[in-house]
Amino acid sequence: MTNYTRLIVLTVIILIIFLLFHSTLSSKETRLFRKILSAQQFLWNSVGVDTEHDPYRSGFIGVEFSEITTTLGSLPAKQCSTDPLWAVQFTRWFRELNLTRGDKVLVSASSSFPAMVYSCLAACEELGLEVTFMLSLGSSSWGANREGLNLAAMLDILRRGGFLKTRPVFCTLGGTNENAVGMDEETKRILQGSVSDDVMVKGLTLDELVALKSGYIAGSKLVVNIGGNASSMGTDSMSLNLPAGIVYPSDNLDGGNGLAGNALRAGVPVLHVLNLKGLSEKCGIDFAARRSGFRRGRSILGGLLAGGVFAFFMITHKRWVYE
């Protein structure tokens with residue numbers, strides 16, 4: 001076999017290994033992936049101001065601190081949450097749960113991961129799920145915490161651009177007890193004024209908020225929790241035991257005295273979206289960089305196999321002489 005032929009054979013073998021082991025997106029997933037990219041481009045063109053902290057120009061990255069910042073947040077986690085693959089991952093979670101068009105899904109989210117919230121809602125709309133969306137307006141660092149540009153405002157922009165239809169059934173202030181405890185009155189007034197009065201919930205205690213949200217569990221096939229808003233997590237430490245990803249009632253985990261725990265006790269699975277680093281590893285989404293597809297364990301095997309084939313060809317290549 002000539003060297004030229006050997007190189008062609010090597011190329012073909014490595015190409016075959018790549019195709020066998022690389023996780024690709026279906027045509028529908030690719031369409032959703034591109035929709036998310038287009039939405040981010042639209043949002044960026046509308047509000048983008050920070051190329052240093054928002055390297056992918058998503059428009060979803062906030063600031064380190066502002067008057068509506070509730071807790072500390074991780075910038076790398078917020079950057080990871082802008083990956084359009086998360087929207088694809090949501091559709092895969094929904095299919096894993098056998099959700100079909102018309103099924104009811106309850107989404108409770110803080111504003112700490114605005115890109116993740118949008119990916120979830122876009123995925124629900126892609127599959128035709130009936131969404132009940134509850135939003136708390138407080139956000140941790142680098143989330144939707146720009147004054148004058150909270151998550152409600154971001155979603156309004158995306159709706160005007162034709163990238164979203166879903167609206168929240170109600171909003172809360174967020175923060176401590178989900179009632180902005182500790183925020184000054186002017187900040188509360190700004191948050192309350194960012195949404196219309198008919199969707200702004202005011203004056204309820206945390207227990208009353210948990211009861212209000214839990215009233216929507218009946219009839220839902222899934223409860224999605226994004227971020228760590230107080231009413232979803234509850235006040236006891238048991239919710240900290242919930243792993244990121246899908247939690248089934250049959251897992252027999254105590255989800256605490258918040259919405260997530262009440263859903264599990266009612267026999268409704270919970271999709272717990274928190275701890276982005278661990279969740280990204282579980283799902284095969286790179287935490288530190290964007291890829292065009294999911295990284296699976298088998299892709300590592302494929303890389304090792306391709307490297308072995310390449311090494312074999314180089315060692316047996318007649319051009320090399322060992323001395």
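This is a predicted model: local features need pLDDT of at least 70, side-chain atom pairs count only at pLDDT 80 or more; totals for chains, interfaces and linings use all residues.
Two strands count as paired if DSSP finds at least two bridges between them.

Let me start with the overall picture. The protein has 323 residues, and 52% of them are buried. Its secondary structure comes to twelve helices and eight strands. The C-alpha trace spans about 80 × 45 × 35 Å along its principal axes. The accessible surface is about 15300 Å², and carbon and sulfur atoms account for 56% of that. Now contacts. Take those between residues at least 6 apart in sequence: 77% of them join residues at least 24 apart.

Next, strand E2, residues 130-136. How many of its seven residues are buried? Six, so the strand is mostly covered. E2 has a partner in strand E1, residues 104-109. The two run parallel, with six bridges between them. For a landmark, find Ser108, which stands opposite Met134 in E2.

What connects these strands? Helix H5, residues 114-127, belongs with E1 and E2 in a β-α-β unit, and that unit is right-handed.

E2 also pairs with strand E5, residues 170-172. Again the sense is parallel, here with three bridges. The landmark on this side is Leu135, opposite Cys171 in E5.

On to the rings. The count of aromatic pairs is six. One of them is Phe60 with Tyr118. How are the two rings arranged? They are stacked, 6.1 Å centre to centre, with 25° between the planes. The planes count as stacked because the angle is under 30 degrees. Where do the partners come from? Tyr118 is in helix H5, while Phe60 is in the loop between helix H2 (27-47) and helix H3 (75-80). They are 58 residues apart, so this pair links distant parts of the chain. Buried or exposed? Both Phe60 and Tyr118 are buried. Note that H5 is the helix of the β-α-β unit, and Tyr118 sits in it.

There is also a ring cluster. Ring pairs link Trp86, Phe90, Trp93 and Phe94.

Last item, a charge over a ring. Which ring does Lys78 sit over? The ring of Phe113: the charged end of Lys78 is 5.0 Å from its centre.

Note on methods: Residues are numbered from 1 along each chain as its sequence is written. Side-chain values use heavy atoms; hydrogens and water are left out. Buried means under 20% relative accessible area, exposed over 50%, partly exposed in between (1.4 Å probe, protein chains only). Helices (H or I, at least four residues) and strands (E, at least two) are DSSP runs, numbered from the N terminus. A crossover is right-handed if, with the strands pointing away from the viewer, the path from the first strand over the helix to the second runs clockwise. Rings of Phe, Tyr and Trp (its six-membered ring) pair if their centres lie within 6.5 Å; planes under 30 degrees apart count as stacked, over 60 as edge-to-face and the rest as tilted. A charge sits over a ring if NZ of Lys or CZ of Arg is within 6 Å of the ring centre and within 35 degrees of the ring normal. Contact means heavy atoms within 4.5 Å. Accessible areas come from the Shrake-Rupley method with a 1.4 Å probe; for residues, only the protein chains shown count as cover.
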